[in-house]
Amino acid sequence: MKSIEIPETITSISTLSFANTENLVYVKLPDKLTSMGSYTFYCTIMTSITLPSIVTTVHDSTFEGSTSLTTITLLGNVDTIKSNAFKNSPKLRIINYYGKTNTTYSSNCFTDTNNIEKSLCYGR
């Protein structure tokens, strides 16, 4: 599976749902998505992802090991980014953040992502 567009009727994605899907390059998340479990996209090769505006938490290791991930866009209400959420995403360069200005970040949520060039915050 190289790409997937998750139907708008889906509001939650379970832990490990797409983990180790080695050929997964593109995912379109539904606007009504409220939550994703830990390790949901663990070790995929997506290059970018946009989280819908009603997601509030990026759980532990959700995108860990996404070694091709270069850009993330966090819309709306993300107020917590947990441990290892983006760990070992060495190509991550750009973070577009449209969330709250009082977001809680785990101290190791961006471990091994040393190449971030641009972090644009459009907080409220």
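Biologist: Which residue in strand 7 is the bridge partner of T50?

Modeller: The bridge partner of T50 there is T73. This is a predicted model, in which local features need pLDDT of at least 70 and side-chain atom pairs count only at pLDDT 80 or more, while totals for chains, interfaces and linings use all residues. Residues are numbered from 1 along each chain as its sequence is written, and side-chain values use heavy atoms, with hydrogens and water left out.

Biologist: What makes a run of residues a strand?

Modeller: A strand is a DSSP run of E with at least two residues, a helix is a run of H or I with at least four, and both are numbered from the N terminus. By that rule the chain has 11 strands and zero helices.

Biologist: What makes strand 5 and strand 7 a pair?

Modeller: Two strands pair if DSSP finds at least two bridges between them. Strand 5 and strand 7 (residues 71–74) have four bridges, in the parallel sense, so they pass the test. Strand 7 is also joined to strand 9 (residues 94–97) by four bridges, again parallel. There T71 has I94 as its bridge partner.

Biologist: What joins the strands of a sheet in general?

Modeller: Strands of a sheet pair through backbone hydrogen bonds, and the pairing is either parallel or antiparallel.

Biologist: What makes a group of residues a nonpolar core?

Modeller: The members are buried Ala, Val, Leu, Ile, Met, Phe, Trp, Tyr and Cys residues, joined through side-chain atoms within 4.5 Å. The largest such core has 26 residues, and I49 is one of those with the most contacts inside it, along with L29, F41, V58, F63 and F86. Strand 5, strand 7 and strand 9 each supply at least two residues of this core.

Biologist: Why do strand 6 and strand 10 count as edges?

Modeller: The open sheet has three strands in the order 6-8-10, with parallel pairing. Strand 6 (57–58) and strand 10 (104–105) each have a single partner strand, so one side of each is left without a neighbour in the sheet. Strand 8 (residues 80–81) pairs with strand 10 over two bridges, and I81 stands opposite Y105.

Biologist: How do you know that the chain agrees with a compact globule?

Modeller: The radius of gyration is taken over C-alpha atoms, and the globule rule is 2.2 Å times the number of residues to the power 0.38. For 124 residues the rule gives a value near 14 Å, and the chain has 13 Å, so the two agree.

Notes: Buried < 20%, exposed > 50% of the residue type's maximum accessible area, 1.4 Å probe, protein only.
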